[in-house]
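Hello,

My notes on what was found come after it.

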Amino acid sequence: TGKFGIGFFSVFMLGDRVKITTRRFDAPAGETRVLEFDGGLGNKPLLRMALADECLKTGGTSIRVWVRRDSHNQGLLTVLGGWNSLSELCRWLCPTIDVNILVREGNRDIPVILASDWLTLESGDLLKRLWLGDDYREETETKQLIADRVARLTPITNASGEILGRAGVGFEEAENEKELRFLGSPRWNDRIIVTVGGLRSFGAGTLAFGVFLGESEIASRQWANPLADEEAFTRWSSEQAEILACLGKTPEQLESAAKYIRMCGGNTGVLPIVRRRDGWMSADEIAEWPECPDEIWLFEAGIDVFRDVALDEQVLIATSGQLFAFPLDMHDFSYSEYPRRTAEDEEALGWWFFNEHTLSGAVVEAIARRWDTTVDEIQRVSNMPVEWRLPRLRVGERDGEEITDAGRIVRRPGRST
């Protein structure tokens, strides 16, 4: 990818016989040149003019490698994961490459990937390239899994409109999908992929799925940051919220997606983000809440906690904790630099500092809209510790028994007492 100086000579990891055919863009076809290596780097290469049938029709360069197959290295396909074919390996390894890749099978050159075709591939075909090997492409369950995600795969772009990825947001657990057998191997279970120079760098099993272009600061490229910045993720995730709202999913599924969208800085809009006594509420509904009380008791708990409790009128239940929003969290993150704060340090920073990208943060932000005030003003008059010394508050009743838990008191600024 032209950054760490490894470059061309890495092809000899694949085989000892290599043929490079090249022609300047402004030179005639007859000036095509060929550089041949027949014995790896141990022998001198041969530079010659191309034969008539070797001349390139247009300017450019092609590189052909005869993959080494011997008992010592067991063959490339076996070493790299038991692939069915070289075509299958190339699809997995080079999903966003900006050059043509052809594989010779017998006497035929088979196009595997066309330069930058990931930008225009049908959504289903792109997901198949990222995920599925030849053995699994025609399975009924596989087709359904792909079909369920096609509508959610949208571009993520920078301010100039350049496409830096194509991805969608999924749901936690509730989709009940079988474990994807990515490219025929249980190891390749990454839903979201980051590529560097068109080559797969790494990925993760997360709520996001698809592919992001990235850049790496290490020569191995086994870790990379997405090129898209926070503004791009905000736009993309907000668009995802609008798409997800029309899919007819359960509130629990949509809430799990809203958690990821909020972590990416997006507007959750009409997606459910919090529970109250008569069901789920979205940020938009909170902002228009006619009977919104002047004091709200906000609790954080798992999605199944308090389900059998008759909640009090002023109680809201948001999902606890932050979601790891890969790959946005990868920007400028290092465990060695992770701050070690005391409880006093965190309280001084304030609740909003740690919750701006959580669903609890979305709830308080929507309440601020309803009260026509700011989050800062709400924090100033409320009892909202970061984590420690939370007040014990009444949640509601279960079978006539009072239920309490640690929560936060969100007060309306300027309210009468």
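**What was found**

Helix 3 (residues 123–131) is largely enclosed by the rest of the structure, because seven of its nine residues are buried. Those buried residues are Ser123, Gly124, Leu126, Leu127, Arg129, Leu130 and Trp131. Please keep in mind throughout that this is a predicted model.

The largest nonpolar core has 52 residues, among which Trp236 and Ile273 touch the most other members. Helix 10 (residues 359–371) supplies the largest share of this core, namely eight residues. There is also a second, separate core of 13 residues, and Trp118, Leu130, Ile146 and Val211 are among its members.

If residues up to four places away in sequence are not counted, Trp236 touches Thr154, Pro155, Ile156, Ala167, Gly168, Val169, Phe212, Tyr260 and Cys264.

Leaving aside neighbours within four places in sequence, Thr268 is in contact with Ala241, Ala258, Ile261, Arg262, Ile273 and Ala283.

Finally, a word on confidence. The protein chain has a mean pLDDT of 84, with 82% of its residues reaching 70 or more, but over residues 174–188 the pLDDT is below 50, although this stretch has 40 contacts in the model beyond near neighbours in sequence. Over residues 330–339 the pLDDT likewise stays under 50, and here the model has 12 contacts beyond four places in sequence.

Best wishes

Notes
Residues are numbered from 1 along each chain as its sequence is written. This is a predicted model: local features need pLDDT of at least 70, side-chain atom pairs count only at pLDDT 80 or more; totals for chains, interfaces and linings use all residues. Side-chain values use heavy atoms; hydrogens and water are left out. A nonpolar core is a set of buried Ala, Val, Leu, Ile, Met, Phe, Trp, Tyr and Cys residues joined through side-chain atoms within 4.5 Å. Buried means under 20% relative accessible area, exposed over 50%, partly exposed in between (1.4 Å probe, protein chains only). Helices (H or I, at least four residues) and strands (E, at least two) are DSSP runs, numbered from the N terminus. Contact means heavy atoms within 4.5 Å. pLDDT is the predictor's confidence in each residue, from 0 to 100.
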